[in-house]
Amino acid sequence: MQDRQTARMGKTMMRLARYFLGLSLLSLLAVPAWADDLLIRPARVFDGVDPHPHEGWAVLVHDTRIVAAGPALVAPAGAHVIDLPGMTLLPGLIEGHSHLFLHPYNETKWDDQVLHEPLALRTARATVAAKATLMAGFTTVRDLGTEGAGYADVGLKQAIEQGIIPGPRMLVATRALVATGSYGPKGFEPGVAIPQGAQEADGPDLVRAARTQIAAGADVVKLYADYHWGPGEPSRPTFLMEEMRAAVEAAHSAGRIVAAHAHSAEGMRRAVLAGVDTVEHGSEGTPEVFRLMHDHGTALCPTLSAMEAIARYRGWNGVEPAPQAVQTSRASFAAARKAGVTLCVGGDVGVFAHGTNARELEAMAAAGMPAAAVLQAATSGNARIFHIDDRLGAIRPGLLADLVAVAGDPTRDITTLHAVRFVAKGGVVVRNGE
């Protein structure tokens, strides 16, 4: 009896061994043995700087970097050649305002995500969001706060860098910083400690908190310059200008940039005078505030698509005229453009689905910004604002080979950004085809 059981176990083990050997062979066959040189031949190249695409250009990549871009490039001996007929090759797009640890509010309310979803669940979902972002052609993201998930963005960034999971390059803000009592979730028994979506700190503790986040891995320090203190209230300033100025100085001293959430004109004014690098949202900005932003070189990340998404969750079907909140944000965007404010491209993704990041570029174009200017802002513009333009944001020799191809010409039709057919990150092709 025992001999028969032993024989059956032996046969089972042999079958399993053959099965896993077969899988291994299939995986080896599925991975192309490409050379270090890669020549990409699209119909045209949008280099991230020139508003006009270059017809007939090709791009040569060696290892992780671009070594040549121009017409009539010849592939070196042994190079792998990828032809992309009818397509436009662009620099990897840069998402300027993301929350990979959030998912759309029409699936789960923000409060419930912060209070009831386990960290392991949120992290697992964030890995899926990271892959969706990369496959949509956004090879870099500035992730502006985990919204109650602590420093999990630092671990997510490390997992991507180590090749454990696919995802974009990440600039992380970890926990973000809010004035005591100003943020949420709210609505519970006074005096009961409730988990918050960001770290509370005030006065000198704000500088200490900023340094703590930097020490934990933050690339960006995010401040909430205003918020609605109570239900139904408008956004009002939170931090004093002096508090923010000290935190900004501490962050800049450590080589970090500072982003400020601000909707109200006064919150924006204080943030700009405190020296922040970007203002997020700015939906109630005035001509005076936008002139101040222009004069101080402060960029605006308008997040138009998040405002539109929230309006849809509340019943708007997309038919014009849009709800007042959407119209207000569009008018603010127009005023910022008129004042010559530098524009960052970031949709506040997480409010709506990851992988649909191009909605923000569409919204900016629909609000009057030329498509080529939107594309410049989403590539070389964001790279310059985030101080990564020495590595990313354009197609030129020496920069990392983060490259995206879409069917058609997005300078003529921005919606072609939804037709991503090719993605390379650091010279590694992660998507090629439908």
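**Exercise 1. The partners of strand 1**

State which residue of strand 2 stands opposite Val 45, and then describe how strand 1 pairs with other strands.

*Solution.* Step 1: Val 45 stands opposite His 54 in strand 2. Here helices (H or I, at least four residues) and strands (E, at least two) are DSSP runs, numbered from the N terminus. The model is predicted: local features need pLDDT of at least 70, side-chain atom pairs count only at pLDDT 80 or more, and totals for chains, interfaces and linings use all residues. Residues are numbered from 1 along each chain as its sequence is written, and side-chain values use heavy atoms, with hydrogens and water left out.

Step 1: Strand 2 (residues 54-55) is joined to strand 1 in the antiparallel sense by two bridges. Two strands pair if DSSP finds at least two bridges between them.

Step 2: Strand 3 (residues 57-62) also runs antiparallel to strand 1, with four bridges; there, Asp 37 faces His 62.

Step 3: Strand 5 (residues 80-91) pairs with strand 1 in the parallel sense over seven bridges, and Arg 41 stands opposite Asp 83.

Step 4: Of the nine residues in strand 1 (residues 37-45), seven are buried. Buried means under 20% relative accessible area, exposed over 50%, and partly exposed in between (1.4 Å probe, protein chains only).

**Exercise 2. Aromatic pairs**

Determine how many aromatic pairs the whole structure holds, and classify the pair of Tyr 183 and Tyr 227.

*Solution.* Step 1: Rings of Phe, Tyr and Trp (its six-membered ring) pair if their centres lie within 6.5 Å; planes under 30 degrees apart count as stacked, over 60 as edge-to-face and the rest as tilted. The whole structure contains four such pairs.

Step 1: The ring centres of Tyr 183 and Tyr 227 are 4.8 Å apart and the planes are at 65°, so this pair is edge-to-face.

Step 2: Because Tyr 183 lies in the loop between strand 9 (177-178) and strand 10 (199-200), and Tyr 227 in strand 12 (residues 226-227), the pair ties together parts that are 44 residues apart in sequence. Tyr 183 and Tyr 227 are both buried.

Step 3: Tyr 224 and Tyr 227 form an edge-to-face pair as well, with 5.9 Å centre to centre and 75° between the planes. Tyr 224 is buried, as is Tyr 227.

Step 4: Trp 110, Tyr 183, Tyr 224 and Tyr 227 are linked into a cluster by ring pairs.

**Exercise 3. Backbone geometry**

Find which peptide bonds are cis and where Ala 72 and His 387 lie.

*Solution.* Step 1: Most residues other than glycine have a negative phi, and most peptide bonds are trans.

Step 1: Gly 184 and Pro 185 are joined by a cis peptide bond with omega of about 5°; Pro 185 belongs to the loop between strand 9 and strand 10.

Step 2: Glu 320 and Pro 321 are also joined by a cis peptide bond, with omega of about 5°. Pro 321 is in the loop between helix 9 (304-313) and helix 10 (324-338).

Step 3: Ala 72 is not a glycine, yet its phi is positive, near 55°. Ala 72 sits in the loop between strand 4 (65-71) and strand 5, and its relative accessibility of 72% is why it counts as exposed.

Step 4: His 387 has a positive phi of about 60° and lies in the loop between helix 12 (371-385) and strand 17 (403-407).

**Exercise 4. Helix 7 and its cover**

List the buried residues of helix 7 and name elements that cover them.

*Solution.* Step 1: In helix 7 (residues 265-274), the buried residues are Gly 267, Met 268, Arg 270, Ala 271, Val 272 and Ala 274.

Step 1: The cover of these buried residues includes strand 12, strand 13 (236-237), helix 6 (241-253), strand 14 (257-262), strand 15 (278-281) and helix 8 (287-296).

**Exercise 5. Confidence**

Report the mean pLDDT of the protein and describe residues 1-34.

*Solution.* Step 1: pLDDT is the predictor's confidence in each residue, from 0 to 100. The protein has a mean of 93, and 92% of its residues reach 70 or more.

Step 1: Over residues 1-34, pLDDT stays under 50, and the model has three contacts beyond four places in sequence for them. Contact means heavy atoms within 4.5 Å.
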